[in-house]
Every structure is written in structure tokens, then in C-alpha cells.
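Let's take a friendly walk through a protein model. Have a look at the sequence and the 3D view below, then read on.

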Amino acid sequence: MSLEITVHTHEDIPQTYKKKPVEVMAVKWTGSNYDTIKEFAGENVALDGDELIIKTLEDGSNGQAKHAATIGDFVIRGVAGEFYFCKPKIFKDTYELVEKD
């Protein structure tokens, strides 16, 4: 008879986490500031009609996913240089402006 013991690490069972205090760069999409966002995010953004499209990490190697921002969404450059959108309420609940001296 063998006895099996399962050892759990803290990552393989549900637990509560909090975000680390990191700083990110972001700009709000107003519908009229495409040039500013293009300068900020480069080839990672494009206009498709009235939609602001961004290439994200979720696009995969084929780039087939389509991530479109709504006016008022924030375009964020993450800690690894990746870009993604964030809805205004989530942005407000998650981030605060870093005041520069």
C-alpha cells in the first residue's frame, strides 16, 4: 500500500492577490486624439472605421483577434511594454495619477 501526499504551492489553489504597486503609462481615447495614441503606441494601434484597434498579447501569433476601444477607454502600456485597453471605471478603481515633482 502506498501513501500519496499532495503538496500544494500557493499558486495552484484559489487565493486572494493584490496588484503590486507598479507605474504604467496610459492615455484616454477621446475619438479625436488618434495621432497622440499612435505616437504613444506605434504600430500596435490602427483605426478601422470609427474603431481604435490594438494588437495585444492575446492576439496570438496569427494576429487574428480584434480588440477595439470605445471612446473613453484608456490605452495602457504595461510593465513588459505590451499595450491593452481598460474601461474607465476599472481604470479609475485600479490606477491613480502619479504626480511628478
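The largest nonpolar core has 13 residues, and among its members Ile37, Val45, Leu52 and Val75 touch the most others. A nonpolar core here is a set of buried Ala, Val, Leu, Ile, Met, Phe, Trp, Tyr and Cys residues joined through side-chain atoms within 4.5 Å. Buried means under 20% relative accessible area, exposed over 50%, and partly exposed in between (1.4 Å probe, protein chains only). Two or more residues of this core come from each of α1 (34-41), β3 (51-54) and β6 (83-86), and the largest share, four residues, is given by α1. A second, separate core of five residues includes Phe74, Cys86, Phe91 and Tyr95. In soluble globular proteins, nonpolar side chains tend to be buried together.

Before going further, a word on the model: it is predicted, and local features need pLDDT of at least 70, side-chain atom pairs count only at pLDDT 80 or more, while totals for chains, interfaces and linings use all residues. Residues are numbered from 1 along each chain as its sequence is written, and side-chain values use heavy atoms, with hydrogens and water left out.

The protein chain has two helices and six strands, in the order β-α-β-β-β-β-β-α from the N terminus. These elements are DSSP runs numbered from the N terminus: helices are H or I with at least four residues, strands are E with at least two. Of the 101 residues, 26% count as buried.

Which residues of α1 are buried? They are Tyr34, Ile37, Phe40 and Ala41. Seen down the axis of α1, these residues fall within an arc of 125° (taken from the directions from the helix axis to the C-beta atoms), so they line one face of the helix. Their cover includes β1 (25-28), β2 (45-48), β3, β5 (74-77) and β6, where contact means heavy atoms within 4.5 Å. The face turned away from the buried side carries the exposed residues Asp35 and Glu39. After α1 comes glycine 42, with a positive phi near 60°.

Now zoom in on leucine 52, in strand β3. Leucine 52 counts as buried because its relative accessibility is 0%. Leaving out residues up to four places away in sequence, leucine 52 touches several residues, including Trp29, Tyr34, Ile37, Val45 and Val75.

Asparagine 33 sits in the loop between β1 and α1 and is buried, with a relative accessible area of 14%. A polar atom of the asparagine 33 side chain lies 2.9 Å from the backbone nitrogen of threonine 30.

Finally, look at the charged side chains. A salt bridge is a side-chain nitrogen of Lys or Arg within 4 Å of a carboxyl oxygen of Asp or Glu, and by this rule there are four. Among them are these:

| Salt bridge | N to O distance |
|---|---|
| Glutamate 23 and lysine 100 | 3.9 Å |
| Aspartate 73 and lysine 87 | 3.0 Å |
| Lysine 89 and aspartate 93 | 2.6 Å |

Glutamate 23 lies in the segment before β1 and lysine 100 in the segment after α2 (88-94), so this pair ties together parts that are 77 residues apart in sequence. Both glutamate 23 and lysine 100 are exposed. Aspartate 73 is buried, at 3% relative accessible area, whereas lysine 87 is partly exposed, at 41%. Lysine 89 and aspartate 93 both lie in α2, four residues apart, about one turn of the helix.

Conventions. Polar contact = N/O pair within 3.5 Å; in protein donor to acceptor, adjacent residues only side chain to side chain.
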